[in-house]
Amino acid sequence: MEKGKYLALVGTGALFGSVSTIFFLRLLQNHKKVARQYNKNATELNGLETCTIAGKKNDKAVNEDLLKDEIVSEHLTRNIQFFGFESQQKVSASYVVVIGLGGVGSHAASMLLRSGVGKLLLVDFDQVSLSSLNRHAVATRADVGIPKAQCLKEHFSSIFPECQVDAKVLLYDSSTEEEILSGHPDFVLDCIDNIDTKVALLAACVRRGLKVLSATGAGARADPTRIRIADLRESTNDPLSRSVRHRLRKDHGIEGGIPVVFSLEKPKAKLLPFKGPNGEEENPSDYQIVPGFRVRIIPVLGTIPAIFGQVMASYVVTELAGFQVQTEPIVNFDTDHYHTLHQRLIEHEELVYGTSQQVQVDVEEVMYIVKELWHGRSARDQLVKEAGRGMWRSVNELMLVRWDCEKPASISNLILLKFKEVDEHESRTLDEIKEKEPEFYNSVSAVLKRAEIDFGYAH
């Protein structure tokens, strides 16, 4: 009897799955007719130097009713379940520009498309090469020799044809800035590996008030666990970031405020020597097609730029959806630092309160407080403009103290301060701090409230 019920349930499930599959296959037949015509149009090129790939016109507003289409809603059903319908609708009503369509940019653009972004502008002046197939998101050998922008657009038309994809075979510079950045994009992705072009693009985005996410060097690296997102000021071990930081500060007065994807890993290799057709080393600049662009080759493990692109897409999609993600702070402490901070807390409690019995945190919880709550720097030094590599100079000048001296030294009542700030803090009451420094008081209270929520103390 039980076996019979089981078989009946399995049969019913299989029947339901078959019926739903047939239903969606029928819907797809109509979509394929449109896609075939779209593919035909997308393959037309009108030259290479400054070309807009033919296809659907991209000058109209994003279709905000995309999710009403049965095929589209089924395509994005997992995203809708994750974000909620209204948040996914924000993603599908968004316009994103991706500049640089190599290993990083092609993967970022591909996942933005698959995630339902309603309008994409793809920009790159370069062509698909055989050597780029180890890291490109969609290119095949049949695509070698065609513009990367055209390649992506053609493949994208068969993945999510409802997206308005515009592809431009263009080099970004001051003369093409308006053509590329106009139209009020919701986000710009900088996937360029040339310093001059990258700096010009980032400065233009800041000047125009556009949200931008920049990729730094993905070449010569192998450890995917060390890829991070942080402010440009906090990117370390990356020569490209260092050069971009310097140029933005020197040429444009931009100190920070630009999120970047970077790796904490030191590059494993350097640029390879350039060899000409005769196999001997020659001057790379003699072979440049575009002045200022690198001809020498940096070794690339294809998985790393792909992950860079995926990280960029995830960051942008969650931002567009209004979905809050707490990125891991860039805190260069090791285990010994946390043990030291824990011991300092115990000694300070004994000195000030005569006992350490009110210390309610262990080393692991100290790690959470220092890293997750205070990002490795003083509670009085939490502004973005103060972030950066300079913060590491003060790691040996920090200690944990109670926020409210009337309460125990618990996760939700400990702040990180510099030695020189501790005496002043402990000489004042919370009411005095609230009255004289309301912004600081509210900022700290919000951080400690998060600790309560994370550890289930909030009611």
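Strands S6 and S8 pair in the parallel sense, over 2 bridges. This pairing belongs to a predicted model. The protein chain holds 15 helices and 10 strands. Of its 459 residues, 47% count as buried. Among the contacts in the chain with a separation of 6 or more, 72% come from residues 24 or more positions apart.

### Strand S8 and its partners

S8 covers residues 259-263. What stands opposite valine 261 of S8? Alanine 215 does. S8 also pairs with S7, here in the antiparallel sense and over 5 bridges. In that strand pair, isoleucine 227 stands opposite serine 263 of S8.

How many of the 5 residues of S8 are buried? The count is 5 of 5, so the strand is largely enclosed by the rest of the structure. In a regular strand, side chains alternate between the two faces of the sheet. Both faces of S8 are covered. Pro259, Val261 and Ser263 are buried on one side. Val260 and Phe262 are buried on the other.

### Strand S10

The partner of S10 is strand S9, residues 398-402. The two run antiparallel and are joined by 5 bridges. Within this pairing, arginine 402 has leucine 414 as its bridge partner.

| Helix pair | Residues | Angle | Axis separation |
|---|---|---|---|
| H8 and H9 | 195-208 and 239-252 | about 55° | 10 Å |
| H5 and H6 | 103-114 and 148-159 | about 25° | 11 Å |

Take H8 and H9. At an angle of about 55°, they are therefore oblique to each other. Their crossing is right-handed. On the H8 side, the contact is made by Ile195, Asp196, Lys198, Val199, Leu202 and Ala203. On the H9 side, it is made by Leu240, Ser243, Val244, Arg247, Leu248 and His252. By class, this contact has 7 nonpolar, 2 polar and 3 charged residues.

Now H5 and H6. Why do they count as roughly parallel to each other? Their angle is about 25°, and angles under 35 degrees count as roughly parallel, so the pair falls in that class. H5 passes H6 in a right-handed crossing. H5 brings Ser106, Ala109, Ser110, Leu113 and Arg114 to the contact, while H6 brings Leu152, Phe156 and Ile159. This contact has 5 nonpolar, 2 polar and 1 charged residues.

### Leucine 113

Leucine 113 is found in helix H5. Is leucine 113 buried or exposed? Its relative accessibility is 0%, so leucine 113 counts as buried. Which residues does leucine 113 touch, leaving aside those up to four places away in sequence? They are Leu120, Phe156, Ile159, Phe160, Cys163 and Val165. Phe156 and Ile159 also belong to the H6 side of the helix contact. Leucine 113 and cysteine 163 are 50 residues apart along the chain, yet their C-alpha atoms are separated by 7.2 Å.

Most residues other than glycine have a negative phi. Two residues here have a positive value.

Alanine 220 has a phi near 60°, a positive value in a residue other than glycine. Where does alanine 220 lie? It is in the loop between strand S6 (212-215) and strand S7 (227-231). Its relative accessible area is 7%, under the 20% limit, so alanine 220 is buried.

Histidine 375 has a phi near 55°, also a positive value in a residue other than glycine. It is found in the loop between helix H12 (363-373) and S9. With a relative accessible area of 26%, histidine 375 is partly exposed. That value falls between the 20% and 50% limits, which means that histidine 375 counts neither as buried nor as exposed.

Notes. Residues are numbered from 1 along each chain as its sequence is written. This is a predicted model: local features need pLDDT of at least 70, side-chain atom pairs count only at pLDDT 80 or more; totals for chains, interfaces and linings use all residues. Side-chain values use heavy atoms; hydrogens and water are left out. Two strands pair if DSSP finds at least two bridges between them. Helices (H or I, at least four residues) and strands (E, at least two) are DSSP runs, numbered from the N terminus. Axes are lines fitted to C-alpha atoms, for helices over the stretch in contact, and angles run from 0 to 180 degrees between N-to-C directions. Angles under 35 degrees count as roughly parallel, over 145 as roughly antiparallel, 65 to 115 as roughly perpendicular and the rest as oblique. A crossing is left-handed if the near helix is turned anticlockwise from the far one by less than a right angle, and right-handed if clockwise. Contact means heavy atoms within 4.5 Å. Ala, Val, Leu, Ile, Met, Phe, Trp, Tyr, Cys and Pro count as nonpolar, Asp, Glu, Lys and Arg as charged, and the others, Gly among them, as polar. Buried means under 20% relative accessible area, exposed over 50%, partly exposed in between (1.4 Å probe, protein chains only).
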